[in-house]
Amino acid sequence: MAERLDVDRDVWERLYPMVRDLRELADGLARLMPELHQEIPVTALVDAPGVPAE
Amino acid sequence: MSATTLDSSVIELARALAAREVSSRELVSTSLERIAARDDAYHAFVTVAADQALALADAADAERASGNATGALLGIPIGVKDSIPTAGIRTTANSRLLEHWVPDHDAAPIARLRGAGAIVLGKTNLNEFGWALPTDNDLAPTAKNPWNPDYAAIGSSSGSGIAVAAGFVPAAIGTDGGGSTRLPAGQNNLVGIKATHGLVGRRGMDTSWISEISPMARTVADTALLLSVMADPGGEESKQYGAAPDYLSTLDNGIAGWRLGVPKRLIEGAGLEDEVATAFEATLRALEGLGAELVEVDLPGMAQARAANFIVLNAQAYSDHAVSLRRHPELYGESARVYHWMGAFLSASDLLNARAIRHRVRELVQDELAGVRAIVTPTSPVVTAEAARKPEAHRRGSNAVFTSPFNLTGHPAMSVPAGFSTSTGLPIGVQLVGALFDEGALFQIGAALEQVSNWSSHRIPEPNAPVAEGQ
């Protein structure tokens with residue numbers, strides 16, 4: 001994947017864990033689409049490493 | 001000129017300028033002197049446009065002397081976040097990629113501010129492109145909070161917040177894509193508003209559907225005045241709402257009898273630091289004292305909205321930088337390079353999901369606001385930028401828990417001062433969220449709070465003085 005996107009190796013090593021978290025977030029979001037009418041804990045999806053401040 | 005004149009509000013300065021008690025040249029000169037003397041400690045500014053500002057100050061003074069002055073902000077210096085294009089002033093976004101870029105145009109709301117006579121004194125600091133962790137290797141060093149420079153200034157409009165708090169300018173402009181104006185406003189004892197999406201134009205900047213160009217100042221009235229100048233009632237998304245907003249005429253009408261919503265479960269689920277909880281409770285009691293009725297509300301979809309907003313931010317960051325990341329990777333800071341790549345791993349389906357959530361949660365929030373005039377939350381669950389950025393605690397991004405959902409939904413949201421952390425000396429903010437295009441209600445609530453709290457009269461400790469306990 002990194003080569004296909006032309007991501008430098010040193011960047012990829014730092015990027016990979018963050019991308020993994022982002023993909024989990026995006027996939028979790030898709031799963032929770034039907035639950036929009038419910039109030040789930042606001043930290044349920046985003047309290048993962050790799051989320052930048054602000 | 002009095003040494004404290006620059007600490008006056010924008011409205012007070014406009015009156016003093018009109019009465020010829022002070023000149024614009026004096027205001028701008030004092031700003032420049034203060035920046036030269038103190039900004040090495042804070043790093044509020046990336047670029048100071050001293051010559052241009054002094055020339056514009058002289059022109060403003062000449063216009064006033066001619067008797068033909070009309071601009072509401074004529075001759076008043078402001079700071080503008082360095083990611084917002086400004087004609088004739090270098091705009092770097094604190095990036096080496098744009099280190100020498102001097103735009104030939106203003107972003108639309110900056111043109112409106114300049115049209116009203118405001119003088120852009122300089123460009124304020126941010127973390128690189130507003131999408132990276134700040135480091136001391138950045139083009140401009142990490143911004144420090146003038147309330148206690150042992151702490152980093154929260155961003156991403158960090159320089160705009162500290163430029164006002166430090167008394168360099170009476171007002172500044174930031175951007176807010178997840179809380180980046182409200183969070184620094186909260187952490188600097190300022191008022192900062194992210195308007196309804198579409199009210200403030202983005203022509204000349206970008207086409208983001210979640211970020212807003214946003215004012216911050218020391219008082220509610222100043223912030224209302226700035227937004228009324230920046231607002232574009234003829235804009236594509238706001239023209240249906242008609243006339244230009246007049247927030248100032250209703251500012252002092254009070255809030256007796258207003259129902260205000262408190263999303264208790266949302267707040268409890270976010271895990272507030274004790275000092276934030278104390279300041280928030282005190283604000284709720286103050287609102288009751290002003291005659292408001294507090295009611296508990298549900299806010300479904302906030303977790304999804306927060307996550308969806310993060311998806312959109314990542315997609316936009318990559319979309320904006322896809323070419324430059326490959327052509328000039330060496331011109332990105334280490335953190336910015338990694339963060340800007342993340343969006344490459346999102347799919348069209350992810351972005352469409354985020355858009356669907358935007359529409360649905362926007363309706364849910366609007367339904368909730370049919371029963372209350374505004375919703376009240378803390379601005380941030382934590383006091384310091386350091387707490388928000390601690391990787392090992394998995395807390396990064398947690399400070400946007402209350403702010404970012406309303407970027408996605410497009411609702412207006414404003415941070416107002418709510419007290420201070422006694423352990424750090426740093427200010428704490430409370431957020432008010434209103435119905436679409438009901439910014440006037442937020443200003444009215446903020447003005448009522450301002451009258452009973454008096455937080456806005458507090459100023460930073462003298463440089464090098466110890467932090468006072470129990471401010």
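Predicted model: local features only at pLDDT ≥ 70, side-chain atom pairs only at ≥ 80, totals over all residues.

Colleague: What is the strand order of the open sheet in chain B?

Modeller: Strands of a sheet pair through backbone hydrogen bonds, either parallel or antiparallel. Here, strands (E, at least two residues) and helices (H or I, at least four) are DSSP runs numbered from the N terminus, and two strands pair if DSSP finds at least two bridges between them. The open sheet in chain B has 11 strands in the order 1-3-2-4-6-5-10-11-9-7-8, with mixed pairing. Its edges are strand 1 (45-48) and strand 8 (293-296) of chain B, each pairing on one side only. From one strand to the next, the twist averages 30°.

Colleague: Which strands does strand 7 of chain B pair with?

Modeller: Strand 7 (residues 259-262) of chain B runs parallel to strand 8 of chain B, joined by four bridges, and it pairs in the parallel sense with strand 9 (residues 374-378) of chain B over two bridges. Take Gly261(B): Val295(B) stands opposite in strand 8 of chain B, while Ile375(B) is the bridge partner in strand 9 of chain B.

Colleague: On to helices. At what angle do helix 7 and helix 15 of chain B cross?

Modeller: Two packed helices are described by the angle between their axes and the distance between the axes. Axes are lines fitted to C-alpha atoms, for helices over the stretch in contact, and angles run from 0 to 180 degrees between N-to-C directions. Helix 7 (residues 220-230) of chain B and helix 15 of chain B cross at roughly 160°, and their axes come within 9 Å. That makes the two roughly antiparallel (under 35 degrees is roughly parallel, over 145 roughly antiparallel, 65 to 115 roughly perpendicular, the rest oblique).

Colleague: And how do helix 9 and helix 15 of chain B pack?

Modeller: Helix 9 (residues 274-289) and helix 15 (residues 439-453) of chain B pack at about 100°, with axes 10 Å apart, so they are roughly perpendicular. The contact (heavy atoms within 4.5 Å) is made by Thr283(B), Ala286(B) and Leu287(B) of helix 9 and Ile445(B), Leu449(B) and Val452(B) of helix 15.

Colleague: How many residues of helix 7 of chain B are buried?

Modeller: Buried means under 20% relative accessible area, exposed over 50%, and partly exposed in between (1.4 Å probe, protein chains only). In helix 7 of chain B, 10 of the 11 residues are buried, so it is largely enclosed by the rest of the structure. Its cover includes helix 1 (10-18), helix 4, strand 4, strand 5, strand 6 and helix 15 of chain B.

Colleague: Is Asp82(B) buried or exposed?

Modeller: Asp82(B) is buried, with a relative accessible area of 0%. Asp82(B) sits in the loop between strand 2 (77-81) and helix 4 (108-115) of chain B. Its side chain makes polar contacts with the side chains of Thr92(B) at 2.4 Å and Lys123(B) at 3.4 Å. A polar contact is a pair of N or O atoms within 3.5 Å; within protein, one must be able to donate a hydrogen and the other to accept it, and residues adjacent in sequence count only if both atoms are side-chain atoms.

Key:
Residues numbered from 1 in each chain as written. Chains lettered and ligands numbered in written order. Heavy atoms only, no water.
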